[in-house]
Amino acid sequence: MSTAAAPVRSGAVLADLLPAARHRYAVDAALVLGGAALTGIAAQIAVPVPGSPVPVTGQTFAALLIGTALGARRGFLSLALYALVGMAGMPWFAEASSGWSMPSLGYVFGMLLAATVVGALARRGGDRSVLRTAGTMVLGSAIIYAIGVPYLALSTGMSLSAAVAAGLTPFLIGDALKAALAMGLLPTTWKLLGRRG
């Protein structure tokens, strides 16, 4: 029996490389649960930012990786599960917080949309090269801020410019580092697997 892997069909994401199982729904459910849990764990890697109610976390990086690795549908479900369980009281948002009343909740909603969009881009090869991955990560981060910053302004009564100063500007260097890590990690994974489609 040959153990050589068949070429990945066009439109595949990394999760599609898992061996086919008789119980595909169980595999998908495990991926969704694992993605939500990984996001919750990454959210606990948090560094407070002076003057901002939003800390620097590993949560956004996890959300974007989950979207690209799992694809749009499973990425959406993972982040939807993460958001709903966190709002219901599970303390796995940043700094072990939970609930509806956090000024940073808009970033969670942004991550939900971003994971979906980057997952769709990954199905179109958005994670196969360094430049494509850079574009995918920049777009995903922009989506997170496009929802998170206005939500921060509305929930705290800040002006939009103050919300940008507190909820976007301090995070740009960290986001650039996260994007650089993804730019190395994702295309390299495809290359090592010999599956650059």
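Helix 4 and helix 5 pack with their axes 7 Å apart, at an angle of about 155°. Angles over 145 degrees count as roughly antiparallel, and helix 4 and helix 5 are therefore roughly antiparallel to each other. Please keep in mind that this is a predicted model.

**Helix 4 with helix 5**

- Helix 4 and helix 5 cross in a right-handed sense.
- On the helix 4 side, the contact is made by Leu-105, Gly-106, Tyr-107, Phe-109, Gly-110, Met-111, Leu-113, Ala-114, Val-117, Val-118 and Leu-121.
- Helix 5 meets them with Thr-136, Leu-139, Gly-140, Ile-143, Ile-144, Tyr-145, Ile-147, Gly-148, Val-149, Tyr-151 and Leu-152.
- Sorted by class, this contact of helix 4 with helix 5 holds 17 nonpolar residues, five polar ones and no charged ones.

**Helix 3 with helix 4**

- Helix 3 covers residues 72-87 and helix 4 covers residues 105-123; their axes are 7 Å apart and the packing angle is about 170°.
- That angle makes helix 3 roughly antiparallel to helix 4.
- The crossing of these two helices, helix 3 and helix 4, is right-handed.
- Helix 3 contributes Ala-72, Arg-74, Gly-75, Phe-76, Leu-79, Ala-80, Tyr-82, Ala-83 and Met-87 to the contact.
- Their partners in helix 4 are Leu-105, Val-108, Phe-109, Met-111, Leu-112, Ala-115, Thr-116, Gly-119, Ala-120 and Arg-123.
- The residues of the contact of helix 3 with helix 4 comprise 14 nonpolar, three polar and two charged.

**Helix 5 with helix 6**

- The axes of helix 5 (residues 130-156) and helix 6 (residues 160-167) cross at roughly 120° and come within 8 Å.
- This makes helix 5 oblique to helix 6.
- Helix 5 passes helix 6 in a right-handed crossing.
- Tyr-145, Val-149, Pro-150, Leu-152 and Ala-153 of helix 5 touch Leu-160, Ala-163, Val-164 and Gly-167 of helix 6.
- The contact of helix 5 with helix 6 has eight nonpolar residues, one polar and no charged.

**Annotated transmembrane spans**

- An unreviewed UniProt entry places the feature "transmembrane region" at residues 76-94, 100-122, 134-154 and 160-186.
- In the model, residues 100-122 are 78% helix and 0% strand, with the end C-alpha atoms 31 Å apart.
- Residues 160-186 are 85% helix and 0% strand, and there the end C-alpha atoms lie 34 Å apart.

**Aromatic pairs**

- The structure holds four aromatic pairs.
- One of them joins Tyr-82 and Trp-92 in a tilted arrangement, 5.3 Å centre to centre with 40° between the planes.
- Tyr-82 lies in helix 3 and Trp-92 in the loop between helix 3 and helix 4, so the pair ties together parts that are ten residues apart in sequence.

Conventions: Residues are numbered from 1 along each chain as its sequence is written. This is a predicted model: local features need pLDDT of at least 70, side-chain atom pairs count only at pLDDT 80 or more; totals for chains, interfaces and linings use all residues. Side-chain values use heavy atoms; hydrogens and water are left out. Axes are lines fitted to C-alpha atoms, for helices over the stretch in contact, and angles run from 0 to 180 degrees between N-to-C directions. Helices (H or I, at least four residues) and strands (E, at least two) are DSSP runs, numbered from the N terminus. Angles under 35 degrees count as roughly parallel, over 145 as roughly antiparallel, 65 to 115 as roughly perpendicular and the rest as oblique. A crossing is left-handed if the near helix is turned anticlockwise from the far one by less than a right angle, and right-handed if clockwise. Contact means heavy atoms within 4.5 Å. Ala, Val, Leu, Ile, Met, Phe, Trp, Tyr, Cys and Pro count as nonpolar, Asp, Glu, Lys and Arg as charged, and the others, Gly among them, as polar. UniProt positions are given in the numbering used here, feature names are shortened, and annotations may be inferred rather than shown by experiment. Rings of Phe, Tyr and Trp (its six-membered ring) pair if their centres lie within 6.5 Å; planes under 30 degrees apart count as stacked, over 60 as edge-to-face and the rest as tilted.
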